[in-house]
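This briefing concerns side-chain contacts in a protein model. Please consult the sequence and the structure below before reading the points that follow.

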Amino acid sequence: MRWIALPVGIVLVAWTLLDVFRTLVMPRAARGRVRLSRILFRTMWRPWRWIGVRRKTVQARERVLATAAPFFFFVLLVGWVSLALLGYALILWSPAFVDGIGPGGDSFGNALYVSGTSLFTLGSDGGVTGWTRAIVVAGGATGLGLFAVVIAYLPVLYQAFNRREVGVLLLDARAGSPPSGPELLHRMGSAGVASSLHGLFAEWERWVADVLESHMSYPLLTLFRSPHDNTSWVTSLGSVLDAATLLLTAVEDEPDERAILMYGTGVHAVEDLFYYFRLTERETVIQRDEFEDVLGDMKDDGFAVRPLDDAFARFTQKRAKYAPRLDALAVLLAATPTLWIGDRSFLGARTAH
C-alpha cells in the first residue's frame, strides 16, 4: 500500500506548484474549480462576511472585513507550503526512496521531518543516500522558489492596490462619500465645471482597464478594502458608470464620446468580474420618483435634460446591461451601499442626494 504514496505525493507536489504558478506568475485570470485560492475563497469569505456585516457599528464591520484579504493571503501561503511539505513527505516515505533517508526512515514522521528541513532549506541531519538526495534537493529548490515568488508578488499586489485607491480617493471630492453618479453630476454641474467631465471619463476609462487587468490576474485584490471611510472600488466604478449613463440617456445634447467609451469599458469590466466569481444577477429597481428628483437636480445644474418618460426609459434600459451584475459584486464584497448601488436594505439606508 505504501507504493500509493509515491504517485499521490507526485500529484500533490505538481498540483501545488501549478497552482502557485497560475495564481502568482501567470498574468491572466486563472480558471478552474480545483484551485486552492478558489477553495479558500468559497469556504472562508462568505462566513467571514456574514460575521463582519453583523457588527453593531460601521467601524467594527470594516475592521473585520478589512483583515480578510491579508489573512487569506497568509492562509494561502501556509496552504501551499503544507501541501508541498506533505507531498514530498509521501514521496520520501514511499518504498522507492524510504531506504535512502537513513535511520528511522520507515517512520512517516521522520519522512515529514526530512521533507520540512529540505523545504525550508534548513538542511538534513545527514544520512540521506542514493536517489533520495535528489528528492531532498528538489524539496529545497521548491521551498526557495516558492518564497522568492511570494516576496516578488507582494510589491506587485500593493502597487496595483495603490493605483486603484488613488483613483477612488480623487473621486471622493467629486462624487461624495460614498460616491454616486447623480452626486457626481450635481457637484460638477453646480460648480460650473461640467466640461471637465470629459477628462474625468477619460481618466476613469484607463482606471477601469487597469482594475480589470490587475483584479483578473490577482483576484485577491478584490477583497482588499479601501482605507478611506464609506468608499469602495465597486461603488466608485458604479458611480462613474451611472454618471456616464445619465449623460448618454437623460441629456438632449450630442452624446459625449468620452462617456460612450467609459460606458463600454465599464460594462466590459463588470461583466468579466461577474462571470469570474460565478455570481447571480440581482434585481435592481430605481423608483420613477427617485429618478425624477435626480433629473430635476440635473436641470437646475444646467443640463439640457430630456422629458421624464423618455429619459427614464432610456436610462433603465441602458443601465440594465451592468447594474444587476454590479450589484451582485457590491453585495458579495459587502461594499458600503450608496445611491442605486449595493444592498441598501441590509447594510444601511441609502445615501441622500
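The points below treat aromatic contacts, salt bridges and a surface patch in turn.

The model is predicted: local features need pLDDT of at least 70 and side-chain atom pairs pLDDT 80 or more, while totals for chains, interfaces and linings use all residues. Residues are numbered from 1 along each chain as its sequence is written, and side-chain values use heavy atoms, without hydrogens and water.

**Aromatic contacts**

- The structure contains 16 aromatic pairs, a pair being two rings of Phe, Tyr or Trp (its six-membered ring) with centres within 6.5 Å; planes under 30 degrees apart count as stacked, over 60 as edge-to-face and the rest as tilted.
- F161 and F224 form a tilted pair, because their ring centres are 5.8 Å apart and their planes stand at 55 degrees.
- This pair links distant parts of the chain, with F161 in helix 6 (residues 132-175) and F224, 63 residues away, in the loop between helix 8 (197-217) and helix 9 (233-250); helices are DSSP runs (H or I, at least four residues), numbered from the N terminus.
- Both F161 and F224 are buried (buried means under 20% relative accessible area, exposed over 50%, and partly exposed in between, with a 1.4 Å probe and protein chains only).
- Ring pairs also join F291, F312, F315 and W340 into a cluster.
- The charged end of K318 sits over the ring of Y263, 4.5 Å from its centre (the criterion is NZ of Lys or CZ of Arg within 6 Å of the ring centre and within 35 degrees of the ring normal).

**Salt bridges**

- There are 12 salt bridges in the structure, each a side-chain nitrogen of Lys or Arg within 4 Å of a carboxyl oxygen of Asp or Glu.
- R163 pairs with D210, with the closest N and O atoms 3.0 Å apart; R163 lies in helix 6 and D210 in helix 8, so the bridge ties together parts 47 residues apart in sequence.
- R187 bridges to E183 at 2.8 Å between the closest N and O atoms; R187 is partly exposed at 32% relative accessibility, whereas E183 is buried at 13%.
- R314 and D310 form a salt bridge within helix 12 (residues 308-319), where they are four residues apart, about one turn of the helix.
- Salt bridges that share partners connect R61, E62 and R225 in one network.

**Surface patch**

- L18, F21 and V25 make a nonpolar surface patch of about 260 Å². Patch residues have over 30% relative accessible area and no salt bridge, like charges being joined within 9 Å and nonpolar side chains (Val, Leu, Ile, Met, Phe, Trp, Tyr) within 5 Å.
- F21 is located in helix 1 (residues 5-25) and is partly exposed, with a relative accessible area of 41%.

Key: Helix = DSSP H or I, 4+ residues; strand = E, 2+ residues; numbered from the N terminus. Areas by Shrake-Rupley, 256 points an atom, 1.4 Å probe, with all protein chains shown as cover.
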